[in-house]
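The stops below go from the whole chain to single residues.

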Amino acid sequence: GSLGSKFANGGAGQLDPIGGALPRNRTGVLVGIKDPRLTIAGEYARATTGTEGGSNTAAAPRTRTDVDADLVYGFAVVRPFAFANASGKSPLALIARYDRYKPVTNLDDYDYHFVLAGLSYDISSKATLALDYQEQLPSSGAVLPTQTTTGTVALPPANLKTFFAHFVVNF
């Protein structure tokens, strides 16, 4: 994919209009195994996004930078009692997920990890109760070296640790 330049129409004091597009590419691969007793999956995804800086003027010419981001994650849903049951069914499931997201691949210390661990219980074929723990952990706390629109430096996400209770009812 691509994204048009913010300088495509030119403007007062600007150099020539910019007709070239900025990259906006997304690729990935997902693999998994699904069984009533065990579901396991993993994915690798990569994004390339072009960004522009400057004002497209003689004093502040347009600059272009391509930023690559990577995501690797895996998850599993295990129904341990289903292995002993001839039908392969069980109302209890253990759930786990791990993500590693690197929004700027050329910065070694700028990434974060997401962990989820929990269990669910199927009350009926239409209702499920789930309890889980979720945690988001940034790496060593490096600062992303780009400016936001307000002029402040963007920091990695904060540590987040949360317990959740979910109740799902299908009609």
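Helices and strands here are DSSP runs (helices H or I, at least four residues; strands E, at least two), numbered from the N terminus. From that end, the elements run β-β-β-β-β-β-β-β. This is a predicted model, in which local features need pLDDT of at least 70 and side-chain atom pairs count only at pLDDT 80 or more, while totals for chains, interfaces and linings use all residues. Residues are numbered from 1 along each chain as its sequence is written, and side-chain values use heavy atoms, with hydrogens and water left out.

**Colour by confidence**

Colour by pLDDT, the predictor's confidence in each residue, from 0 to 100. The protein averages 85, and 88% of the residues score at least 70. Among the strands, select E1 (residues 2–3), where the mean is lowest at 79, then E8, where it is highest at 95. Next select residues 147–153, where pLDDT stays under 50. The model has 7 contacts (heavy atoms within 4.5 Å) for this stretch beyond four places in sequence. Where pLDDT is low, the predicted coordinates should not be read in detail.

**Show the surface**

The accessible surface comes to about 11,000 Å², of which 60% belongs to carbon and sulfur atoms; the areas come from the Shrake-Rupley method with a 1.4 Å probe, and for residues only the protein chains shown count as cover. Of the 171 residues, 25% count as buried (under 20% relative accessible area; exposed is over 50%, partly exposed in between; 1.4 Å probe, protein chains only).

Now select Leu 94, Leu 119, Tyr 121, Ile 123, Leu 129, Leu 131, Phe 167, Val 169 and Phe 171, which form a nonpolar surface patch with about 940 Å² of accessible area together. Strands E6 (112–122), E7 (127–138) and E8 (160–169) each give two or more residues to the patch. Patch members have over 30% relative accessible area and no salt bridge, and nonpolar side chains (Val, Leu, Ile, Met, Phe, Trp, Tyr) are joined within 5 Å, like charges within 9 Å. A salt bridge is a side-chain nitrogen of Lys or Arg within 4 Å of a carboxyl oxygen of Asp or Glu. Zoom in on Leu 129 in strand E7; this residue is partly exposed, at 36% relative accessible area.

**Stay on E7: Gln 134**

Gln 134 is also placed in strand E7. Is Gln 134 buried or exposed? At 18% relative accessibility, Gln 134 counts as buried. Beyond four places in sequence, Gln 134 touches Phe 114, Val 115, Leu 116, Leu 160, Lys 161, Thr 162 and Phe 164. The side chains of Gln 134 and Asp 132 make a polar contact at 3.2 Å (N or O atoms within 3.5 Å; within protein, one must be able to donate a hydrogen and the other to accept it, and residues adjacent in sequence count only if both atoms are side-chain atoms).

**Two loop residues**

Select Ser 90, in the loop between E4 and strand E5 (92–102). Ser 90 is buried at 9% relative accessible area. A polar atom of the Ser 90 side chain lies 3.4 Å from the backbone nitrogen of Leu 92. Outside four places in sequence, Ser 90 contacts Arg 79, Phe 81, Ala 82 and Asp 122.

End at Asn 56, in the loop between strands E3 (38–53) and E4 (63–78). Asn 56 is not a glycine, yet has a positive phi of about 60°. Most residues other than glycine have a negative phi. Asn 56 counts as buried, at 3% relative accessibility.
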